[in-house]
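Take a look at the structure below.

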Amino acid sequence: MRAIQLTGHGGLDKLVYRQDVPVPQPAAGEVLIRVSACGMNNTDVWVREGAYGSETDPGAVSTWRRGRSTLEFPRIQGTDTVGEIVAVGDGVPEHRIGERVIVDFSLYNRPEGDDSLADIDYIGHGRDGGYAEYTAVPAENAYHVTSDISDAELATFCCAYLTAEQMLERSRLSAGERVLVTGASGGVGSAIIQLARVRGAIPYAVTSKGKEQALKDIGAEDVILRDEPDLVSAVERMVDGQPIDVVADLVAGSMFNDLLRILKPEGRYSTAGAIGGAVVELDLRTMYLKQLELHGSSQGTRTSFRRLVDYIQEGRIKPLLDRTFKLSDFHRAQETFMSKTYIGKLVVVPDSQWEEKGAPHA
């Protein structure tokens, strides 16, 4: 089969397009999926670059989970897999063959009913993922979806929306509360805006120039630009002095301490990314005098994913697909992804699917 293999840490040259990769065989309790679309995420880039650092050296080359990594090379990345079940392993009912599925990419390593994420891993890191024509996954991770949207649109939800839902769940965002979202035009940020509205909360966005209206169109109450010289004052004007209950931050960097200043007393800060800089300055007095909560979040629970699937089926959240790329054009796809000049999600489609069905969204 054709697939993109990550061959080591480094630049785009470490991503190799191969046409002779063996098709995986589903083991007991697994299903084989013919991939029709796979969404792109920041984790793909950070893992390739080894950009996670270590607890003692932020600049160290290290993958996700740092000192306890399960990453082996070559690895097929790709978390946001959508496709059709074409074979099943022992113990999986054959009637599942033919289902269109979305994959919960998380490998929980905990029994059903235990929502701890302490030992979590993910498909595309601990085992091969969806940047390929076929992938095998645990049957319990493949969810049948009948929603009337395209496969490419369905592939926009997995990682970004699960991460967003878990951030809001951990910070207990509730109806009527206000949440400030940084990095709002990206996959996770735009997901937070929609998911906040599902909860009855009021999202405000921080983004770059030219993206304001698109974010209002998906539910942002109002928008400010990230290069505001005085972020704290700009937010206060935007919300007309009303309190910000939650900050959902995907940028961090130099704005981190200002985001804590923006929060109301007893407010909650949640982060799942740091595209503006992972090492930040923190005035602990801001934190303890305001009695703030700080939450780190990565991926999400089975419960959160099932809630997400329900939202998709009910049409309560909408896909935000910017464009698709052929799998063989993966380097250009990741360069575009890294440019951050788009809104929503980029999706990769196997060449075989492209050849059969034509470009799903150019």
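Arg-172 counts as partly exposed, at 46% relative accessibility. Partly exposed lies between buried (under 20% relative accessible area) and exposed (over 50%), using a 1.4 Å probe and protein chains only. Arg-172 sits in the loop between H3 and strand S10 (178–181). Helices (H or I, at least four residues) and strands (E, at least two) are DSSP runs, numbered from the N terminus. The phi of Arg-172 is positive, near 55 degrees.

This is a predicted model, in which local features need pLDDT of at least 70, side-chain atom pairs count only at pLDDT 80 or more, and totals for chains, interfaces and linings use all residues. Residues are numbered from 1 along each chain as its sequence is written, and side-chain values use heavy atoms, with hydrogens and water left out.

Now step back to helix H3 (residues 158–170). Its 13 residues reach 18 Å from first C-alpha to last, close to the expected 18 Å. That expected span is 1.5 Å times one less than the number of residues. Eleven of the 13 residues are buried, so H3 is largely enclosed by the rest of the structure. Among them are Cys-158, Tyr-161 and Leu-168.

Asn-109 lies in the loop between strand S6 (106–107) and strand S7 (121–122). Asn-109 is exposed, with a relative accessible area of 55%.

Finally, find strand S1 (residues 3–6). Ala-3 and Gln-5 on one side are buried, and so are Ile-4 and Leu-6 on the other. Four bridges join S1 to the antiparallel strand S2 (residues 15–18).

Definitions and conventions. Two strands pair if DSSP finds at least two bridges between them.
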